[in-house]
Amino acid sequence: MSVSPLETLPVELLQPIFFASGHNVALLHASDRISARLSSDFVYTSTCNHYLKNILEDRISQAAAQTSIFASKWMTWAFFKSWVIKTYEPSGCLCGLTPDDGCFDAQWPPNFDNATEMVFSRSHLPRLAFIKARIPKKLLRGPWTPDTVQFLQFLLWITSMTVNWSDSESRQDAIDGRARAIRERNLEAVELFNHNRRLGKVASLETVRFAVLEGGCDRSIVYDTMFTIGMWGPNVALDCDELDRWCEERMSEGNPKGQWLKTKLEELRATRVAYKGTTVGYLSPTGGELDSDAGDYDGGATDRLVVKQHKWNQPRWTQSQWRWRRFRLAYRRRDGEWYLLRRGKVHCLQRVSALS
Ligand SMILES: [Zn+2]
């Protein structure tokens, strides 16, 4: 195979060409030879600075370049963390501003282990919030290592990235990734899928059935999945003979999981029946509120019920807060921007692009 003249250029010439091209990411993927020559932290950092820090005129091309960057092999969790530190350490906050420039309640250092612990408000957004790339397939399909879970959690919490649902491969990866998280009994990964509509549909009793029959009935995973059904899925069907039969069979074997799951199913169904048809609003006041103590038992280290209160699944929202959240999420799904609600209508009070 013949080699193009560009591929024979020394790195010292190729790098300036790449920068002069406006950091054209197509060059990084043009050929193995060119991408190998441009493969350096210097080039990658400069590329990230160009596309992830600035807001460019052509937002569509920028989003495409961002997608390409996050899909690249070199964009690992370790590289991304080091880039974030290098980029925002001088200002001392993920908003990219110093207190003199208007930063308040600085978020520093970033909580990479649990991004949901970082609090931002509509008047204090992280600079990375404007990133509208597609979530890369490598972060959707698993395997669910701590790095993968933390990377995905950080992007979901801080940026406006979404799954490319029009791409059948990405769609399938998200579905398979959720199933794999259940099979791997990775509670943190399952929680991301359960509590982020950007990663797919609301959990259903079929998800619970899968977690019980295919996923070994990890009680923490089953509980969290049922919790989200109550919270997000007021119209989800709650009948499943297969699950009821599973409970009865385990109970007859003396397996305490049978009685526990039966209790949870009854609890979920009773909650729904009791509040169905009331006029309390978008969600019933008891939505998602299962009693973790009811039916619990000491199953030892391998069968312990873990119930977490994540920032994205706090159950006690007021009705108006729920409405605000619902509209905001619905709107973000549409175009990935940050919008706020005022007097029952969605208003664009502060688009992220206005920060530039
Ligand atoms: Zn700040």
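Helices (H or I, at least four residues) and strands (E, at least two) are here DSSP runs, numbered from the N terminus. By that definition the chain holds 14 helices and two strands. The model is a predicted one.

## The chain as a whole

The chain has 356 residues, of which 30% count as buried. Among contacts between residues at least 6 apart in sequence, 67% join residues at least 24 apart.

An α-helix has 3.6 residues a turn, so residues three or four places apart point the same way.

Helix α4 spans residues 41–53, and its buried residues are V43, T47, C48, Y51 and L52. These residues lie on the same side of α4, because they cover an arc of only 130 degrees around the axis. On the other side of α4, the residues D41 and F42 are exposed. The partners of the buried residues of α4 are other helices: they pack against α1 (11–20), α2 (25–28), α5 (59–71) and α6 (77–88).

Helix α10 covers residues 205–213, with L205, T207, V208, A211 and V212 as its buried residues. Seen down the axis of α10, these buried residues fall within an arc of 150 degrees, so they line one face of the helix.

## Helix α9 and its two partners

Two packed helices are described by the angle between their axes and the distance between the axes. Helix α9 (residues 187–195) is described here with α8 (residues 168–183) and with α7.

The axes of α8 and α9 come within 8 Å and cross at roughly 140 degrees. An angle from 65 to 115 degrees would count as roughly perpendicular and one over 145 as roughly antiparallel; α8 and α9 are therefore oblique to each other. The crossing in which α8 passes α9 is left-handed. On the α8 side the contact is made by R178, A181 and I182, which meet A189, V190 and F193 of α9. The residues of this contact of α8 with α9 divide into five nonpolar, no polar and one charged.

For α7 and α9, the axes come within 10 Å and cross at roughly 25 degrees. Angles under 35 degrees count as roughly parallel, so α7 is roughly parallel to α9. The crossing of α7 and α9 is left-handed. In this pair, V149, L152, Q153 and L156 of α7 meet E188, A189 and L192 of α9. The residues of the contact of α7 with α9 comprise five nonpolar, one polar and one charged.

## A tryptophan in helix α7

W157 is placed in helix α7, which runs over residues 146–158. W157 counts as buried because 21 C-beta neighbours lie inside 10 Å, where the cut-off for a buried residue is 20 or more. Leaving aside neighbours within four places in sequence, W157 is in contact with A115 and T116. W157 and F120 are 37 residues apart in sequence, and their C-alpha atoms are 9.9 Å apart in space.

## Backbone features in the loops

Most residues other than glycine have a negative phi, and most peptide bonds are trans. The following table lists backbone angles of another kind.

| Residue or bond | Feature | Angle |
|---|---|---|
| W108 to P109 | cis peptide bond | omega near -5 degrees |
| G142 to P143 | cis peptide bond | omega about 0 degrees |
| R185 | positive phi | phi near 55 degrees |
| C217 | positive phi | phi near 50 degrees |

P109 lies in the loop between α6 and α7, and P143 is likewise placed in the loop between α6 and α7. R185 belongs to the loop between α8 and α9, the helices whose axes cross at roughly 140 degrees. C217 is found in the loop between α10 and α11 (219–232).

R185 is partly exposed, because 17 other C-beta atoms lie within 10 Å. C217, with 20 other C-beta atoms within 10 Å, is buried.

Methods
Residues numbered from 1 in each chain as written. Predicted model: local features only at pLDDT ≥ 70, side-chain atom pairs only at ≥ 80, totals over all residues. Buried ≥ 20, exposed ≤ 12 C-beta atoms within 10 Å, placed from the backbone. Arc of directions from axis to C-beta. Contact = placed C-beta atoms within 7 Å. Axes fitted to C-alpha atoms, helices over the stretch in contact; angles between N-to-C directions. Left-handed = near helix turned anticlockwise from the far one by under 90°. Nonpolar A, V, L, I, M, F, W, Y, C, P; charged D, E, K, R; others polar.
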